[in-house]
Amino acid sequence: ISCRGDCHRRADGAALADMNNDRDVQQVACAAQLCHATPKLDRVFQGLLDKLKGNTKRMTPEIARGALCGSMCNSGTSRGFGLAPQDLIPSPQWLERANQTVREAQARNQRCADQWGSLVELPSLPLVTLPNRVAAALDTCGVARVSGLFLGGEPLQLPHWLADSRSTLESLRRDSHWLRSRARIENGTRVTEDVLLPTDRDMLLAGIGDFLSSPPLLEGVQKYFGSKLDEREVMSSPDASHNYVRLSYASYIVAPPAEITNASNTPQKLHADLSTPRIMVSMHLALHDIDIESGPTAFCPGTHKVNDALLAPLVRARTLSRSNATSDFAQMPCRVAVPKHTEMGTVTIYDSAVFHYGTVNRRSHPRIILNANLAARPEAIEEENYRGYFEAGRQAESSGAAAANWQATLHELDWMRSVFNVSFYRSLLNGSACTGTAGCLPWISGTTLDLHRQGLLQRRLDETPAPIVRRSQWLQAVAVAVLMLLLV
């Protein structure tokens, strides 16, 4: 086996005994030996992958393989797989390699949790350094939180569209039929509604476009993805280029009050949205102040990456196995950071591979954030498979009208991706939509969109007309929301 550093050096008996007694190290080493040095399991792995095909939330082959190996090691039995008991006893080489990898992962997680304030919490100023600071926080801890970016005017205040967006969604959510066909609803310990953003030109130009086309945030994400765009590749196929930012989907993510749901009033299970780091991020914008009782997202910072690529799926599988084995959140397999207060307008960006979970909303009102999932490559969008949820919903409907609603949602999702694609973000970030670096950013300290950037978005919307679906519901909701704000 190939090892990094000094893992080939023979460990003494005491050191090996310590490694064997460390359950995490022993399990990762055992799984590594089974996964990478046991040809007898290849047929079993292929059968497992065949069964996983078609899952709405796809599991990568590496994670599936690691989960099977980890399960065998955890149970301590290899019966039925044609293996001998000694196959579950890891060699000294695998123990040393696993020990180094697990220790590095634990140290990164602990450092990011302990130094959350200095490594993750970022003031927006100075703007010129914000992209580099966002990229550095994502690389180190998998999470970056930016405050003060959307403050503007004299005196400094948040733009009205933040409150307008929240009020509009609250009005729309009263229509259960509308919500059902355009929201990915996760029921269970903690209910979550992931509601696809309506395709409305006026809404995008009135403010939400600020969020989806924010140059300093997008440049930070692009730096994290870490690749320059090849001009020839874009000309031949704009969305085929790898490692360049593009939108997977935009949505409202709602955590209803626990007291009005049938949930068990416990947090979500620890999970990661994807298994591969640096190919997708989620970008959350707080549409109201969120405190510790409002159901903020808790993170295990630094868990998005593992230095040893071969062992990474096994370390991740072990983390999930330990998490699923306990209902006591004090016994989490990683150090957790929960933001105590998130001011309205704060942006939280996290790698989709970082482990996290939603906490319980104990307030009397829903927790609402605006979300944008940004991908580096098409494979990330395929692995996430957000579209698959709505395709499954359409296929499950017996009513033609209900199926048509699901189909309309799919059209809206495709439209959103076609507007905020690689070529749009490339035009935004390479300066063609701005008058130099400074020209991209004046809207940050003002109350209106920068004219050059707004012009780019307007042209893009003109070139890509939105599907005419359920517009009357949207306009009605906007009118109700405006009326409510006027009466406050």
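**Exercise 1. The surroundings of H15**

Which helices and strands do the buried residues of H15 pack against? Find the buried residues of H15, then list their partners.

Solution. The model is predicted: local features need pLDDT of at least 70, side-chain atom pairs count only at pLDDT 80 or more, and totals for chains, interfaces and linings use all residues. Residues are numbered from 1 along each chain as its sequence is written, and side-chain values use heavy atoms, with hydrogens and water left out.

Step 1. Helices (H or I, at least four residues) and strands (E, at least two) are DSSP runs, numbered from the N terminus. Helix H15 covers residues 386–396.

Step 2. Buried means under 20% relative accessible area, exposed over 50%, and partly exposed in between (1.4 Å probe, protein chains only). In H15 the buried residues are Tyr386, Gly388, Phe390 and Gly393.

Step 3. Contact means heavy atoms within 4.5 Å. The buried residues of H15 pack against helix H9 (176–182), helix H14 (378–384) and H16, and also against strand S3 (183–186), strand S4 (192–196) and strand S5 (246–255).

**Exercise 2. H15 against H16**

Describe how H15 and H16 cross, and name the residues that meet.

Solution. Step 1. Axes are lines fitted to C-alpha atoms, for helices over the stretch in contact, and angles run from 0 to 180 degrees between N-to-C directions. The axes of H15 and of helix H16 (residues 400–419) come within 8 Å and cross at roughly 160°.

Step 1. This makes H15 roughly antiparallel to H16. The cut-offs are under 35 degrees for roughly parallel, over 145 for roughly antiparallel, 65 to 115 for roughly perpendicular, and oblique for the rest.

Step 2. The crossing of H15 and H16 is left-handed. A crossing is left-handed if the near helix is turned anticlockwise from the far one by less than a right angle, and right-handed if clockwise.

Step 3. From H15, the residues Tyr386, Arg387, Tyr389, Phe390, Glu391, Gly393 and Arg394 take part; they meet Ala403, Trp406, Gln407, Thr409, Leu410, Leu413, Asp414 and Arg417 in H16. Sorted by class, the contact of H15 with H16 has seven nonpolar, three polar and five charged residues. Here Ala, Val, Leu, Ile, Met, Phe, Trp, Tyr, Cys and Pro count as nonpolar, Asp, Glu, Lys and Arg as charged, and the others, Gly among them, as polar.

**Exercise 3. H7 against H11**

Step 1. Leu130, Pro131, Asn132, Val134, Ala135, Leu138 and Asp139 in H7 meet Pro216, Glu219, Gly220, Val221, Lys223 and Tyr224 in H11. The contact of H7 with H11 has eight nonpolar, two polar and three charged residues.

**Exercise 4. Disulfides**

How many disulfides does a search of the whole structure find? Describe the pairs Cys30 with Cys73, Cys35 with Cys69, and Cys300 with Cys334.

Solution. Step 1. A disulfide is a pair of cysteine sulfur atoms within 2.5 Å. The search finds four disulfides.

Step 1. The sulfur atoms of Cys30 and Cys73 are 2.0 Å apart, and the link is left-handed, with -85° about the S-S bond. This pair links distant parts of the chain, 43 residues apart: Cys30 is in helix H2 (residues 23–37) and Cys73 in helix H4 (residues 61–75). Cys30 is buried at a relative accessible area of 2%, and Cys73 is buried at 6%.

Step 2. Cys35 and Cys69 form a disulfide with sulfur atoms 2.2 Å apart. The torsion about their S-S bond is about 120°, so this disulfide is right-handed. Cys35 lies in H2 and Cys69 in H4, so the pair ties together parts 34 residues apart in sequence. Cys35 is buried at 3% relative accessibility, and Cys69 is buried at 0%. Leaving aside neighbours within four places in sequence, Cys69 is in contact with Ala31, Leu34, Cys35 and Phe45.

Step 3. Cys300 is joined to Cys334, S to S 2.1 Å. The torsion about the S-S bond of Cys300 and Cys334 is about 50°, so the disulfide is right-handed. Cys300 is in strand S8 (residues 297–300) and Cys334 in the loop between helix H13 (312–324) and strand S9 (341–342), 34 residues apart. Both Cys300 and Cys334 are buried.
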